[in-house]
Amino acid sequence: MALDKATVTRIAALARIRVQEAELDPLQASLSQILGFVDRLAELDTEGVEPKAGVLSGLPMREDVVSDGNCRDRILANAPAAAHGFFTVPKVVE
Amino acid sequence: MSTLNELTLAAARDGLRRKDFTARELVEAHLTAMAASKSLNAFISETPERALAMAAQSDARLARGEARLLEGLPLAVKDLFCTEGVRTTAASRILGNFIPPYESTVTANLWEAGAILLGKTNLDEFAMGSSTTTSAFGNTENPWRRRGDNRPLVPGGSSGGSAAAVAARAALGALGTDTGGSIRQPASFCGIVGLKPSYGRCSRWGIVAFASSLDQAGPMTRTVRDAAILLRAMAGHDPKDSTSVPVAVPDFEGALGREVRGLKIGVPREYRVPGMDPEIEALWQRGIDWLKAAGATPVEISLPLTHYALPAYYIIAPAEASSNLARYDGVRFGLRVQGDSLDALYENTRGQGFGAEVRRRIMIGTYVLSAGYYDAYYRKAQQVRTLIIEDFAKAFAAVDAILTPTAPSAAFPIGEKMEDPIAMYLNDVFTVPVNLAGLPALSLPAGLSADGLPLGLQVIGRAFDEETVFSVGAALERAAAFEPRGPRG
């Protein structure tokens, strides 16, 4: 299935990826090519087939208890910006 | 002692225990080999000081007679495994300066078994690729060259740095990860052995996630025995990974001597794809003949959905990737590119932090999961996955293992297939179905192409029956007598 430019722009916005104007044409072409390839699945009749998210089932659950924590500084060690023990982001509330 | 790096992992283990040489000498030989093969760009980060410190500890234990499973054996680790205090990049700009405050379970298992870290190897960015040419840290070169042609070749991917390091004798063995062929295809391209274990055999905890229902860690080595040794140390149940399966870890090395006489070996007719390279077809036939000569019975089988595995994979893997990679938002770790709003910060960070192939796959994944397309793409692919799992289950009711080629070609020159994503994706046509079904599969070098490049065969087993895979692999290895010689020799 061929995507139009507006759809490519919409997907990029959904994925929170800034796409430069010059990238739009090649992206439109390669995304359309990949979707054309995967469209092959439409040939198959899968009526009534149970979809599987993975190959395993019935795995044990661990006990619902705290097993980790108290490591704020280690969590913040890789933060691009932190202050007073918190991550910081641009202002979102005026 | 300059040739210690030529030893197999098993021979190095035995030599250390006999005190023929020390762990320090073994590490030094590998550091020399790493320096000599620097132009391959197999490593993103080298950790020589840490390697020498670990060697000192191993030598002390060896002297006390307290050697553990992998005591003193220097290994390389794909830069997708988090290593505490050692930069872990996933070959991405977005994680370019990330220093994990924790250790992945699989690497922790290796260090507890006495292994030594030489460095972190290059890969396709976030393990998305089949050529190790999408890394933010440059291409890795295959140590092999075509006869009479000096163009640098890709090592395959995504675990191309690990494969190149092992082939170049810069590590006794290495860790890779395999989501659609990322251990087996580079193993085939570089003339080494690579195993993707059963899904759930090795913990995924602390491995940078690509597609969580498909990713699996595995060993890359120069012999089947070495892969068996390494897997034993890597594997095991981990409560921190809910998809890690609580089953005992067998002594895989013990399975190597098992007879293949009487085993039924499936040969799937759908893998004879149109336009198949006659060299690959001949190699496959040789493999069938070798197993027949060893007393196994080849059986033609059908895996009717084979043709649909790659399209299903290219919906499922990007869908999972788009979800997994949502965490790279410029807030908690990794690259941040400023913007005048929070959304602008996200978009700038992700637009500049991810390379072209990763951006493309995230967008495909976002699209197939988006409202209105979920059923037509993602749900459909999950249904096809069910059918592929059933195909293999039917086949394994009649056979003990399946033999196929690993890849449709030998290594190709760097730069080829770069413009056409589908041509690149087709590298994984024989390996992807195995990931969708969660099965174990081994690639081993079985011969050379007419122009002198290694070609691999793939042995697929039932879930959690790596032992049969190893025994069939060992029989093929004996018959192929592929000399793990220097690739340039």
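The buried residues of helix α3(B) are B:A51, B:M54, B:A55, B:S58, B:D59 and B:L62, a residue being buried if 20 or more other C-beta atoms lie within 10 Å of its own, exposed if 12 or fewer, and partly exposed in between, with C-beta atoms placed from the backbone. Seen down the axis of α3(B), these buried residues fall within an arc of 150°, so they line one face of the helix; the arc is that of the directions from the helix axis to the C-beta atoms. An α-helix has 3.6 residues a turn, so residues three or four places apart point the same way. On the other side of α3(B), the exposed residues are B:E49, B:A56, B:A60 and B:A63.

The model is predicted: local features need pLDDT of at least 70, side-chain atom pairs count only at pLDDT 80 or more, and totals for chains, interfaces and linings use all residues. Residues are numbered from 1 along each chain as its sequence is written, and chains are lettered from A and ligands numbered from 1 in the order in which they are written.

Helices (H or I, at least four residues) and strands (E, at least two) are DSSP runs, numbered from the N terminus. Helix α3 of chain B, residues 48-63, has 16 residues and reaches 22 Å from its first C-alpha to its last, close to the 22 Å expected at 1.5 Å a residue; the expected span is 1.5 Å times one less than the number of residues. The cover over its buried residues includes the following elements of chain B.

| Element of chain B | Residues |
|---|---|
| α1 | 9-17 |
| α2 | 23-36 |
| β2 | 74-78 |
| β3 | 116-121 |

Just after α3(B), B:G65 takes a positive phi of about 75°.

B:N122 lies in the loop between β3 and α5 (160-167) of chain B. B:N122 is buried, with 30 other C-beta atoms within 10 Å. Leaving aside neighbours within four places in sequence, the contacts of B:N122 include B:N41, B:F43, B:D79, B:T132 and B:G160, two residues being in contact if their C-beta atoms, placed from the backbone, lie within 7 Å. B:N122 and B:A165 are 43 residues apart in sequence and 9.6 Å apart in space, C-alpha to C-alpha.

Between the chains, 57 residues of chain B are in contact with 39 residues of chain A. On the side of chain B that touches chain A, α12(B) provides the largest share, 11 residues.

Leaving aside neighbours within four places in sequence, B:A312 is in contact with A:L41, B:A381, B:V384, B:R385, B:I388 and B:L436.
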